[in-house]
Amino acid sequence: MPLVFPATPPLPLCPAARRATAAVASAARSSSSSSSSASFDAAAFEAERLRLDAAARAGMESTARAAAAEANPRAWKWAIRKRVWDALEAEGVARDPRPVHHRIPNFDGAPAAADALGRLDIFQNSQCVKVNPDTPQKQVRFLTLSGDKKLLTPQPRLRTGFFSVMDSQMIPVGCIPEACTSVGAAKYGRPIGLDESLKVDLIVIGSVAVDPSSGARLGKGEGFAELEYGMLRYMGAIDDSTMIVTTVHDKQLVDDIPVEKLLVHDVPVDVICTPTQVIFTKTTIPKPQGIYWEKLSPEKLGQIRILRELKQRIEQETGTILPCGPSEKLPPTAQRRQRWRRRR
């Protein structure tokens, strides 16, 4: 049985968090000055991100409908996702960006769920935390940076690269809240590659639905969390002992994810934090050991440059050709234009 603990009242912020919070009022002035010096076009970056996000979500909806119509083996996942998305919207707990369908859904109480995570020893004792870039985990990213920890966050859908890493020393005074956004991560973060030497102490992952009795989890259906996990395993940054946490609303807790239907690359969670409780799942689902190339479609491989680099590297190191998975229809994407990048 999972261990369930009620949420506890907030603890006082650490000194770094108080400094960050007190400086929020000056963020706009600092951001403007920093942006000017770096020649970073934040508006263009955000506009392009939103355009590609909308295109990808439209494609995901088409994929979900096709899966249901064709009796796809993964149709059960889409049925659970839709039920949860519908419930969040219908019961008034969904928050912007809306609609929450085909997203890691933002929800009422997301900061409280993040604060519950922030009070856990596994978070407080971590020096490097990998956090997904979605809106409901923004407070987790804030707690990581304001707690003088190193934040590792993936670039959205791995389109423009791999991961960005940053800590509070890299961010101008008052700009930690901005650094917790996708724009801020691109603006202040340092991009890393496959050769980066790092140890990740904790992984925070977004979810659409999660089963507290088994630790089984469903994301939004694109598989990027699994790919990110597999690449970190290849880099030696994580292992089986690395704890995986998700923050969700209580209405995202489900009891009908069939463990026997999960795939080898599906990532389970060890801890679930909601606005009202903390659940230690005691999951027995094996954690993925890396990238399962036989499950990876040529379309997905063609979409993500860092994956192609990793495949080429492994093939050169081993002298063997890695297998490839069956073809699939991916949501429409486009290459991000370069106009938002720093000008040298």
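## A buried histidine

His102 is buried, with a relative accessible area of 10% (buried means under 20%, exposed over 50%, and partly exposed in between, using a 1.4 Å probe and protein chains only). His102 also has a positive phi of about 65°, even though it isn't a glycine. You'll find His102 in the loop between H4 and H5.

## About the model

What you're looking at is a predicted model: local features need pLDDT of at least 70, side-chain atom pairs count only at pLDDT 80 or more, and totals for chains, interfaces and linings use all residues. Residues are numbered from 1 along each chain as its sequence is written, and side-chain values use heavy atoms, with hydrogens and water left out.

## Two cis bonds in a loop

Back to that loop: helix H4 covers 75–90 and helix H5 covers 110–118, and Pro97 is found between them. (Helices are DSSP runs of H or I with at least four residues, strands are runs of E with at least two, and both are numbered from the N terminus.) The peptide bond from Asp96 to Pro97 is cis, with omega near 5°.

Pro99 is found in the loop between H4 and H5 too. A cis peptide bond joins Arg98 to Pro99, with omega at about -10°. For background, most peptide bonds are trans, and most residues other than glycine have a negative phi.

## Another positive phi

Now look at Asp148, which isn't a glycine but has a positive phi, near 60°. Asp148 is found in the loop between helix H7 (138–146) and strand E3 (150–154). Is Asp148 buried or partly exposed? At 48% relative accessibility, Asp148 counts as partly exposed.
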